[in-house]
4 protein chains.
Amino acid sequence: MSATAPAALQPRKRPRRARAVATVDAIFEATIQLLLSGGLSRLTTTRVAERAGVSVGTMYQYFPHKQALIYGLNARYLEALAERIEAACRACHGARVDEMVRLLIETYWRAKTERADVTRALYLSVAGMDNSALIDEFARRADDATMAMLQTAADARFANIELVNRTLVTVVFGTVRNAFERNLEGARADAVRAELIRMCRAYLREAASSP
Amino acid sequence: MSATAPAALQPRKRPRRARAVATVDAIFEATIQLLLSGGLSRLTTTRVAERAGVSVGTMYQYFPHKQALIYGLNARYLEALAERIEAACRACHGARVDEMVRLLIETYWRAKTERADVTRALYLSVAGMDNSALIDEFARRADDATMAMLQTAADARFANIELVNRTLVTVVFGTVRNAFERNLEGARADAVRAELIRMCRAYLREAASSP
Amino acid sequence: MSATAPAALQPRKRPRRARAVATVDAIFEATIQLLLSGGLSRLTTTRVAERAGVSVGTMYQYFPHKQALIYGLNARYLEALAERIEAACRACHGARVDEMVRLLIETYWRAKTERADVTRALYLSVAGMDNSALIDEFARRADDATMAMLQTAADARFANIELVNRTLVTVVFGTVRNAFERNLEGARADAVRAELIRMCRAYLREAASSP
Amino acid sequence: MSATAPAALQPRKRPRRARAVATVDAIFEATIQLLLSGGLSRLTTTRVAERAGVSVGTMYQYFPHKQALIYGLNARYLEALAERIEAACRACHGARVDEMVRLLIETYWRAKTERADVTRALYLSVAGMDNSALIDEFARRADDATMAMLQTAADARFANIELVNRTLVTVVFGTVRNAFERNLEGARADAVRAELIRMCRAYLREAASSP
DNA sequence: GATGAATGAGATTTCATTCAT
DNA sequence: TATGAATGAAATCTCATTCAT
């Protein structure tokens, strides 16, 4: 009987798992708050555990050392970000280039600004670890997604699409980061974002026409 | 830069003698090497002094605490960078927009890549201090310089020049940083740089024509 | 052994069922392996339980604390060793001194070397507890057994038999331990063992003749 | 001893000044006291520093980690012990075998018992480190010294001197250790020591006559 | 009974900074 | 003035033990 019992009838481990997930979430949230309030140098394992409401020991069961905590935080964030970009790009397959540019920039910009505190906290944290693997993976996924999108453009064909694509993502992601670092906010940020869209459209228009 | 630097972050004394200058240089160089080899977390005052060939005590004569060291390193670098940008912009007064864009981008790109190790070390170090004052000051100087340059363009007039200028510098500086983070190097970096020039030219052309 | 063991170091319960015995065996075996691979400092309760294939909780049912585990391991081993010595001595009652010496040394030497890993692990573990009770008890049993044997020697009578006996066991047990510590193995160990027998025989011959 | 010591276990710096020597002595003395009062498990770096009257930081300047401290303690002790044995053996060159045996055993026994607390502390500490290098080096020096002595015996020549020598030192050193472990003290210890001398003499007499 | 996640005291180690020489 | 030994607060991490499930 039990061999064929559906998974839904085995709730034994579920509460435990749910709790573990909540614990990890609390730890990440505490990390972000501490990064924002005191920067990387004030981020100590003791304080993270305390703020998260768990014991240090528990924290060390989920993260074998401090680096793993920071890495995990970045991994989770970049994973979510990559997914959003991929979804946005998929949604634009077959659209016109102008639309693609608009959606790409707005998606990325919104992802960065809707929880600006998290974004800032992560920018603060990356110096504390070897993040090249994470960055590379994220860059690869983003490049692939935008490339696949650009190839389906309804109104354009690009001679050197690899280069055009790489330029586009480097410019968009870089500009957003720099806007952040300069504390561009509110109306100013909106204006720059609109101009960035204009700029990228102008570029792609030119890149499509000339071989 | 020093004009706006908080008093607490100032070097204890201006090195007036040649020997003192050499000492400070050695300390900065040691800091950069250690940042590159072990990141911010391996950067200790003892190691810096040792690598620089001076005693900790001597180092504390020039930098009252560790933060002052990192701050000083960034200040010196951003000061030099700002000066290069200002010089490049001055050299372009009265030129055509295409030329301005080319020189701005090439100047900045070269400044970042000719000692890529230093650039990387500084990116690693910024998380360790409150750098907003430095960043703001640098952004202001860069904005002013490019703005003054754009206003003298031989072949263009911009309706909303403030926004156009802000967009331009945000895009250029952001893109360079992102190219760095993605480890774009060699031919790939050159190609993206050329495309960035193309993109900015297309943008300014459009911005000049339409109000 | 158990007669004199302090109450606090006693196993919580006597394993009566076969399964419980197997569990305790597995725990002891895991302890030995961990001692050999990482020394006393790497011996943690979690690792012992994991290696033994039981949960920590279960382990704490058999051993109320870590000390009890180490104590139990030593007690079991010394108990078995004492029994072997007693048996060997009993088997020699009425024999000649040369035979007694040979059997005593060979029995002890073999007991130590047939599972050299266990012997080594136990030498490593004793520093981690107050083992004087165990050592004393073992020494008493060994002394009694050899004493009883010597008194029945067919070809000798000893004036100060207490001293002769104490000297004999101290020399034999000490030499074996030292041979171990010096990593005497193979043919070298055999040669030293044979010489030890010769030496003890020479001593007892002399001790028997002179009052 | 230091010739074969692994680099990782070496003291961080050689104490050159008198004060530094006093500091290192105080640390060693504190270590011994703590080993005696609480065993290896109560030996913590904090307590050692506190008892020695220095700060932890200072302690870590002389010993890069706890293992190095224990290693250093043993190395110093075994070095002194080896020197005493070597001196005693040198003093016996050309003497008769009986005299050699007496001096060897009395020297070693006295070295172990005149500061019995230290001896005991060291026996407790050895389980906490990889001591094979130290033990090997000490054994080699002791073997060499006794061998050189035996070869000059005025009244004996040994066919298989290597084996005889190895047996002799293994027996003597092992017996002393065992006497210690059994807490043989006072008159009992003296009696056993005298018997050990007798035994070794009888052995060497026999070994010298028969090939 | 069995389990193993959670606990938190406490261990080891680091490192910015001072100050006697 | 230059040095670098000494300091000790504080950081990271471990692990024996408990207890809810």
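Which rotation superposes chain D on chain C, and how much shift runs along its axis?

Analyst: This is a predicted model, in which local features need pLDDT of at least 70, side-chain atom pairs count only at pLDDT 80 or more, and totals for chains, interfaces and linings use all residues. Residues are numbered from 1 along each chain as written, chains are lettered from A and ligands numbered from 1 in written order, and side-chain values use heavy atoms, leaving out hydrogens and water.

Start with chains D and C. A rotation of 180 degrees superposes chain D on chain C, with 0.1 Å of shift along the axis and an RMSD of 0.1 Å. (Contact means heavy atoms within 4.5 Å.)

Now take chains A and B. Chain A goes onto chain B by a rotation of 180 degrees with 0.1 Å of shift along the axis, at an RMSD of 0.1 Å. That is how a two-fold axis relates copies. Both copies use the same surface, since 97% of the contact residues of chain A recur in chain B. In chain A, A:Gly174 comes closest to the rotation axis, with its C-alpha at 2.1 Å.

Some chains stay apart. Chains B and D do not touch, and their nearest C-alpha atoms are 13 Å apart. Chains B and C do not touch either; there the nearest C-alpha atoms are 28 Å apart.

Next comes DNA strand F. It is surrounded by 32 residues, where near means a heavy atom within 4 Å. The closest are A:Thr45, B:Thr58, C:Thr45, D:Gly57 and D:Thr58. By class, this surface has nine nonpolar, 17 polar and six charged residues. (Ala, Val, Leu, Ile, Met, Phe, Trp, Tyr, Cys and Pro are nonpolar; Asp, Glu, Lys and Arg are charged; the others, including Gly, are polar.)

A polar side-chain atom of A:Tyr60 sits 2.9 Å from a phosphate oxygen of DNA strand F. D:Gly57 reaches a base instead: one of its backbone N or O atoms lies 3.3 Å from a base nitrogen of DNA strand F.

Several helices give two or more residues to this surface, including helix H2 (45–52) and helix H3 (56–62) of chain A. (Helices are DSSP runs of H or I, at least four residues, numbered from the N terminus.) Helix H3 (56–62) of chain B is also on that list. The largest share, five residues, comes from H3(D).

Note on methods
Copies are superposed by least squares on the C-alpha atoms of residues with pLDDT of at least 70 in both. A polar contact is a pair of N or O atoms within 3.5 Å; within protein, one must be able to donate a hydrogen and the other to accept it, and residues adjacent in sequence count only if both atoms are side-chain atoms.
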